[in-house]
Each structure stands twice: as C-alpha cells, then as structure tokens.
Amino acid sequence: MAATGVRLDLDGRPIKPMTICMIGAGGFIGSHLCEKVLFETPHKILALDVYNDKIKHLLEPETQTWADRIQFHRINIKHDSRLEGLIKMADLTINLAAICTPADYNTRPLDTIYSNFIDALPVVKYCSENNKRLIHFSTCEVYGKTIGSFLPKDSPLRQDPSYYVLNENTSPCIFGSIEKQRWSYACAKQLIERLIYAEGAENGLEFTIVRPFNWIGPRMDFIPGIDGPSEGVPRVLACFSNNLLRRQPLKLVDGGQSQRTFVYIKDAIEAVLLMIENSARANGHIFNVGNPHNEVTVQQLAEMMTEVYSKVSGEPPLESPTIDVSSKEFYGEGYDDSDKRIPDMTIINRQLGWNPKTSLWDLLESTLTYQHRTYAEAVKQAISKPVAS
Ligand code: NAD
Ligand code: UDP
C-alpha cells in the first residue's frame with residue numbers, strides 16, 4: 001500500500017514525486033484516482049470539489065500514512081479566487097468537474113453547457129498562462145452517433161468496423177439537431193477539447209484529453225432516495241442497481257437496443273496513472289479509454305445484472321425482470337441516444353501499452369457485491385417506512 005522505492009516510467013526513467021491539483025476529486029472517478037495515487041505512488045493531491053463524501057475514508061483518520069499527501073479544498077470552481085493559486089502550487093492539473101448524467105443534458109441544458117464549457121475555461125487558461133500540464137476529462141459522447149447508424153437497417157456495411165469503431169483521429173463527431181438537447185453535453189465537451197487543442201497549438205499548453213467509454217464500478221452516482229434525491233435519475237449502472245435493490249423491474253429505455261462497452265473503473269484508472277507518470281508519451285494526445293470486448297445492448301446488460309445480482313444477494317430474480325419505457329417518459333423532451341460505442345484502442349496501446357483486463361461479468365460481480373453490501377439494508381428500511389400522508 002505504501003509508495004516505496006523508485007518508480008520508473010515506461011522508458012525506464014525515474015518518476016519525480018509531483019503535486020496534482022485534482023478538480024472534481026470527490027466524484028466517482030476522482031475517488032478511485034485519489035486511492036490509486038495515495039496507495040501506489042508518492043505524489044501529493046490537492047483535492048478540489050464541492051463534496052467529499054466519496055473520499056472521506058481518505059481524509060480521515062489523520063493518522064493514515066498518506067494523510068499528509070492529500071489536502072481537501074471545498075471549492076466551487078464557478079466562483080472561487082483560490083483556483084489559480086492551487087493550480088500554480090501543482091505540477092499537474094486534472095479536471096474531472098462536470099455535470100455528466102444524461103438525465104440533466106436535456107432537462108438542464110444551460111447548467112450542462114456552463115459546467116462542461118464555461119466553468120472549464122479558467123482551468124485551461126490558468127494552466128496555459130502558468131505553464132502547467134493539464135489532463136482534461138472529456139467523453140466518448142463527443143463522437144455522437146456512428147456513421148453506420150445512418151445506413152439502411154439491412155445494409156451489409158453496418159457490419160464493417162470502419163462504420164462504427166470510434167477513432168480519435170479519424171472519426172467524425174455526429175450530433176442530433178439543436179432541439180435534441182441531449183447533445184448539449186457532447187457539444188460543450190467538444191468545444192472545450194478544441195479550445196485545449198488550440199492552446200496547445202498556439203501557446204504550447206501541455207495537455208492530455210481523456211475520453212472515457214462508460215467506466216463503471218463502486219461509488220458510481222447514487223441510489224435515489226438513499227444517498228441521492230428520490231426523483232433523481234443517475235446513469236444506467238445506478239438506475240439498474242436501484243431497481244434490483246428494490247425488487248422492481250429494470251426499465252429499458254426505447255427497448256434497450258442501444259449498445260455500450262463497459263470498462264471496470266479499476267482498469268481505467270490504471271490508464272490514467274500511466275498518463276500522469278508518462279507525460280512525454282501522453283502530452284498532445286487524445287485517448288479513448290474503454291473496453292471494446294465488453295459490448296452489450298442495454299437489454300443484455302439488464303439481463304446480466306439481474307443474473308449477477310441474484311447470485312450475490314441470494315434472492316431469486318423477478319418473474320418479469322425488465323419493462324419497456326419510452327425515452328420521452330423516462331428522460332423527457334429532447335432526449336436522444338448514442339447508438340453504439342466501440343473504442344479504437346490503437347493510440348492508447350501504442351503510446352502507453354494499456355489494455356483493459358476485466359470481463360463484464362467479473363466487473364458486475366464485484367460492483368453488485370459492493371452495491372448489495374452498501375445499500376441493501378438501507379433500501380429495506382426505506383421501503384418498510386410508512387409513506388407520510
Ligand atoms: P461525477 O459526477 O461522479 O464527478 C464529478 C465531480 O465534479 C463531482 O464530485 C462534482 O461535485 C464535481 N464538480 C462538478 N462541478 C463542480 C464545480 N463547479 N466545482 C467543483 N467541483 C465540481 O462524475 P465522474 O463519472 O467521476 O466523471 C468525471 C469526469 O469524467 C467528467 O468530466 C465526465 O464528463 C467524464 N466522463 C465520465 C464517464 C464515466 O464513464 N464515468 C464517461 C464519460 C465522461
Ligand atoms: N438506460 C436505460 N434504463 C435506465 C437508465 C439508462 O435503458 O434505467 C439506457 C440509456 O437510455 C442509454 C444507456 O442505458 O441508452 C446508458 O445510459 P447512461 O445513463 O449510463 O449513459 P450514456 O451511456 O448514455 O452516456
């Protein structure tokens with residue numbers, strides 16, 4: 001667990017201990033990245049977020065060996081004059097802060113655009129002006145829909161990977177019309193990517209852009225009514241976990257035919273650590289980080305989660321484990337969907353030699369074991385409470 005001995009980068013050079021300014025450190029990805037950095041490296045973290053519930057175990061107790069290597073700053077980057085000073089104190093800034101749940105993209109499009117573009121601007125500016133390296137979290141959603149999705153349903157070209165595999169340098173970004181506000185997120189992320197790229201080209205900013213493809217695992221989002229709002233709609237892992245915990249059918253939006261590839265958070269964090277510690281190989285690059293071997297339709301994901309949850313909880317599945325729901329009913333007006341997301345791994349393989357390891361079954365087993373252990377009792381109690389009249 002301790003950071004002992006000299007760490008070497010991929011080219012055999014010693015890695016100097018660094019200070020990382022991690023914005024959004026209290027979120028799902030941030031919490032796993034903080035653990036990785038504290039447990040396996042000598043680096044220090046300035047952890048910035050408005051919340052710290054998911055990293056509380058790292059901040060207390062102060063007797064832990066890593067306690068002097070993490071410092072939490074409760075900061076809203078929208079309006080806090082301490083931001084530039086903290087970026088200046090660090091060698092590297094990692095920006096994870098964002099509104100990034102699809103239920104918000106069409107219902108809170110202004111907050112989504114401000115959060116993913118406007119609020120990220122000062123971070124980019126301070127890094128550029130102070131010659132600090134930046135690792136910025138974008139999204140696989142910048143690819144939007146696949147070219148293949150526009151072909152006739154029976155076209156044999158739909159089977160040709162060049163019509164659906166998403167490559168950082170060659171794939172276009174295809175979004176729906178403006179009234180489909182789902183794309184407010186992808187569009188804001190694309191513009192901040194372009195701005196960062198331009199800062200690199202014109203002002204020499206050292207940057208790396210990460211495009212996560214559905215990273216999932218423990219601590220993702222919240223369970224509505226338990227550690228989040230009762231009416232809240234988190235991402236699919238938490239939605240389905242909530243249904244399973246409450247013994248309700250899993251809701252398949254528009255029949256659950258969209259396809260996704262899921263990667264285990266612990267595999268993905270390995271990739272981020274390689275980026276942190278191999279700046280010469282990571283700077284100037286945009287990286288897909290996903291697991292092309294873990295592709296399923298949302299319906300298949302629901303079926304697999306039902307089977308795995310039954311195994312880890314010991315409870316038999318429902319007779320009708322899923323139910324169809326329209327996207328308008330589930331997300332409201334302006335929702336649209338990405339049809340298919342398979343990451344091309346050529347660039348991350350070549351630059352960092354990274355490959356994901358965990359199968360979908362295994363990652364669901366460890367994640368749903370965590371969900372059951374963490375929430376089953378609280379859900380049981382919440383269900384048994386009489387509803388206030
Ligand atoms: P998350 O919501 O769990 O974490 C984001 C964190 O940023 C939260 O803790 C939030 O409090 C914080 N934050 C937001 N606005 C802030 C502000 N103004 N000031 C301070 N803190 C603020 O989400 P996550 O899954 O950990 O995602 C992190 C990043 O990765 C995001 O940029 C997201 O767009 C990107 N991403 C994640 C995935 C995924 O699979 N998890 C997929 C695509 C993109
Ligand atoms: N989805 C679903 N039921 C749910 C939640 C999500 O069918 O209860 C679908 C959603 O429409 C999308 C996919 O699951 O097709 C993944 O949704 P998520 O919110 O995880 O984010 P996305 O991958 O779209 O960014």
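## Around ligand 1

In this predicted model, a nitrogen atom of ligand 1 sits 2.8 Å from an N or O atom in the side chain of N76. A polar side-chain atom of D49 is 2.7 Å from an oxygen atom of the ligand, and R235 brings a side-chain N or O atom to 2.9 Å from a ligand oxygen. On its own, ligand 1 would expose 820 Å², and the protein buries 89% of that.

The shell counts 25 residues, with F28, D49, N76, Y185 and W215 coming nearest.

Now for an open site. The second largest pocket holds about 360 Å³ of space. Its lining takes in 16 residues, and K16, M18, I276, E277 and S279 are the ones nearest the centre. Two helices, α9 (265–277) and α10 (279–282), are the elements giving two or more residues to that lining. By class, the lining splits into seven nonpolar, two polar and seven charged residues.

## Enclosed cavities

There are two cavities of 30 Å³ or more in the structure. The largest has a volume of about 110 Å³, and 14 residues line it, with L244, R247, T306, P317 and L318 closest to its centre. Both α8 (236–245) and α11 (298–313) supply at least two residues of this lining, but α11 gives the most, with three. Here the classes come out as eight nonpolar, four polar and two charged residues.

The second largest cavity is about 50 Å³. Its lining includes I77, N95, L96, A97 and A98, along with S115, N116, D119 and A120, and also H136, F137 and K189. A helix and a strand, α5 (109–116) and β5 (133–137), are the elements that contribute two or more residues to it. That lining has six nonpolar, four polar and two charged residues.

## The annotated domain

UniProt, in an unreviewed entry, lists residues 20–290 as "domain: NAD-dependent epimerase/dehydratase". In the model, that span is 34% helix and 18% strand, and its end C-alpha atoms lie 24 Å apart.

Notes
Residues are numbered from 1 along each chain as its sequence is written. Chains are lettered from A and ligands numbered from 1 in the order in which they are written. This is a predicted model: local features need pLDDT of at least 70, side-chain atom pairs count only at pLDDT 80 or more; totals for chains, interfaces and linings use all residues. Side-chain values use heavy atoms; hydrogens and water are left out. A residue is near a molecule or strand if one of its heavy atoms lies within 4 Å of it. A polar contact is a pair of N or O atoms within 3.5 Å; within protein, one must be able to donate a hydrogen and the other to accept it, and residues adjacent in sequence count only if both atoms are side-chain atoms. Accessible areas come from the Shrake-Rupley method with a 1.4 Å probe; for residues, only the protein chains shown count as cover. On a 1 Å grid over the protein atoms alone, a cavity is a set of points where a 1.4 Å probe fits but cannot get out, and a pocket is an open set with protein on both sides within 12 Å along at least five of seven lines; lining residues have an atom within 4 Å of a point. Grid points are joined across faces, edges and corners, and a volume is the space filled by probe spheres set on the points. Helices (H or I, at least four residues) and strands (E, at least two) are DSSP runs, numbered from the N terminus. Ala, Val, Leu, Ile, Met, Phe, Trp, Tyr, Cys and Pro count as nonpolar, Asp, Glu, Lys and Arg as charged, and the others, Gly among them, as polar. UniProt positions are given in the numbering used here, feature names are shortened, and annotations may be inferred rather than shown by experiment.
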